[in-house]
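Subject: The structure I promised you

Hi,

Here is the structure we talked about, with some notes on what turned up in it. Have it open while you read.

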Amino acid sequence: MTPTRWHATGNPTSPGAPIMASTEYRDTHAGGLRREDAGTVVRLAGWAERIRDQGGVVFVDLRDASGIVQVVFRPDVAPEATDAAHELKREYCVRVEGTVQERPEGTANPELATGRVEVEARTVEVLSTADTLPFHLDERTEVEEGRRLKYRYLDLRRPRMTANLLARSQAVGAMRRVMEERGFLEVETPTLIASTPEGARDFLVPSRLRPGQFYALPQSPQLFKQLLMIGGVERYYQIARCYRDEDFRADRQVEFTQLDFEGAFWGQDDVLATLEEISVAVTKAVRGIDLPRPFPRLTYAEALARYGTDKPDIRFGMEIVDLGGVFAATEFQAFATALAAGGAVRGINAGARQMARSALDGLVARARELGAGGLVWLVVEADGSLRSPTTKYLSEAEQTDLVAAFGASPGDVLLLVADRTDKVAAVLGQLRLELGQPSGHEELAYLFVTDFPVFERTEGGDLVPLHHPFTSPVSVEAMRTDPDNAISKAYDLVLNGSELGSGSVRIHDPVVQAAVFEILGISPEAAARRFGWFLEALRYGTPPHAGFAIGIDRMVAILQGERNIREVIPFPKTQTGADPLTGSPSRVEDYQLSDLGIDIRPEVRQAWAEEAGEETAT
RNA sequence: GGGGGCGUGGUGAAGUCUGGAGUUCACGCCGGCCUGUCAAGCCGGAGGUCGCGGGUUCAAAUCCCGUCGCUCCCGCCA
């Protein structure tokens, strides 16, 4: 018998480890049966996926975790079993004993891995009946997601979810293998920790033994893994659950999983090399693709200049072109004003596309929606001239240089934005995605973005740190004297326009750490109060170290072509943080609150009362 | 905190703009027929407070207001 492998129902995806089929209830897995097995007697156990009752002969597609095989009940061969088979319904859990046989001429099913054989049943036993399911398990119709979540245990039986669970397991397995092979130690860190009210909102857990005090759930194991470095664990990793109490997105849950790792005596290149190995192994395990190495690297500044984002999708071109030179002496007010104010004029060549005037004007509206003051569109005519409401403001030379700068051909649509440099980048970056981004994830484009700035400017002009305060700056001095241009030793891994994770070289010198706190505006007193224990730890001989954290949910989702990470999380929460299956979050008994020394605020209780009142009134 | 989309028998959709009897389609479910099907087929049947509340109207799935749920996005996510 061919080794049984886990795979999506009836549709093998990629290889997994063989599992033991033989148990108290069965001796064989359905999905592994092949022609060579003809003649053997097998005992199978699984679910009745489909039943085709011909009145006499009954066919049952029996599904287990390995796949599907057709079981045939024949009244002339096994009258009792056939009588019982007439009573079967979908998703009954059954056990079948029978003989594997090659299917009669012309009845093979090429759609099934087991399609050349069938099991002629001798006996059938119903292990468990099933009510009519609340939705279809086949893939023909999209079921509303709330309903899928309420019955997630049924949703997980669907091929899509089975395949996603498998992919996730394979991805994590590949990660573990790379980590173990390279000598990383898997170490667990606590999930009840001290709150550090910065960055994302903490999830808080009240302490019963210390009423009025709270733990926080970790947003990441950041400080603990640095303590492990100080503790002499030179290579650490963990599949770590992280919690951030912020609003949901398609690629964000409040509870998510990272591959967290860190190395002592490491610099940036050690981290990136490890990341490449992990990504290559995971991609091979999930998609069967051998990725070329090394991955491309872009600095943050390059990424922003060429793609308008720090997480560029480099599966397609349409790069942003700087036109400051072309319009250095322009008389077109909109461009001249932007350049004079230190801003930029840039554009993208959206390529040859037939766009009606209304569609082009739609792009102008879209650009305004994205925050630009406006958008100039130009269409390259067959003779190389430009058609646009704006051409009358542009000199002959500017028009010629413009076409040259874009390397534009007849039919091409050119889109120009002039504004503050960061706004120009953001708007063009978004337009580029909307006009050119491939829809699926067939092709995979990994890259590293390096040299992130230490600070960024908010809309209001304030300087705010881009990373956590343990990130090593390239130069403390530059951080102090030229904060706008200071670079930190931080880097991201990007796949198809999504940030898979980020990491940095950490500060290992307590003097540097104190200086960075100070520059970030954290007073020595505040630093001592919040991170005193950590600052002290740094003083006892801290090795230089660096690390990273990969978002496993995002990575698996992209590899599986899923738009939403909920599809690769077995039991996710809805956008409002609820679990329709178990009813979390929920109110608790008064005595539980009393144990914790906690009162619900009057206005909340008032809202509860009103809600209850409405219910009783109806 | 803000903006958009969706909510119609068990499931998925059409109907909503332009008000006129719970109308339609596919799947499922129940009953019957059927001995080689594989999205089995054929015949028959049951099943809905159009998310909920209020309003406009002779009349509301349809228009208006509110609310709940799901979802996408902005803000937020060091």
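Which loop is Pro294 found in? Pro294 is in the loop between helix H6 (268–287) and strand S11 (297–299). Helices (H or I, at least four residues) and strands (E, at least two) are DSSP runs, numbered from the N terminus.

Before going on, some ground rules. This is a predicted model, where local features need pLDDT of at least 70 and side-chain atom pairs count only at pLDDT 80 or more, while totals for chains, interfaces and linings use all residues. Residues are numbered from 1 along each chain as its sequence is written, chains are lettered from A and ligands numbered from 1 in the order in which they are written, and side-chain values use heavy atoms, with hydrogens and water left out.

Most residues other than glycine have a negative phi, and most peptide bonds are trans. Back to Pro294: a cis peptide bond joins it to Arg293, with omega about 0 degrees. The bond from Ser584 to Pro585 is cis too, with omega near -5 degrees. Pro585 sits in the loop between helix H15 (552–559) and helix H16 (590–596).

Asp451 has a positive phi, near 60 degrees, and belongs to the loop between strand S17 (446–450) and strand S18 (455–457). Asn496 also has a positive phi, near 50 degrees, and lies in the loop between strand S20 (490–495) and strand S21 (498–505). Are these two buried or exposed, or something in between? Asp451 is partly exposed, at 33% relative accessible area, whereas Asn496 is buried, at 2%. (Buried means under 20% relative accessible area, exposed over 50%, partly exposed in between, using a 1.4 Å probe and protein chains only.)

A buried charge

Take a look at Asp202, in the loop between strand S6 (185–186) and strand S7 (204–206). Asp202 is buried but has no salt bridge (a side-chain nitrogen of Lys or Arg within 4 Å of a carboxyl oxygen of Asp or Glu). The nearest side chain of opposite charge is Arg244, 8.0 Å away; Lys and Arg count as positive and Asp and Glu as negative, with His and the chain ends not counted.

What does the Asp202 side chain make a polar contact with? The partner is the side chain of Gln219, at 2.6 Å. The Asp202 side chain also reaches the backbone nitrogen of Thr196 at 3.2 Å. (A polar contact is a pair of N or O atoms within 3.5 Å; within protein, one must be able to donate a hydrogen and the other to accept it, and residues adjacent in sequence count only if both atoms are side-chain atoms.)

Around the RNA

There are 46 residues around RNA strand B, and Arg52, Thr107, Glu118, Arg140 and Asn564 come nearest (near means a heavy atom within 4 Å). The side chain of Arg140 has an N or O atom 2.4 Å from a base nitrogen of RNA strand B. For Arg249, a polar side-chain atom is 2.8 Å from a base nitrogen, while Arg147 has a side-chain N or O atom 2.8 Å from a phosphate oxygen.

Happy reading!
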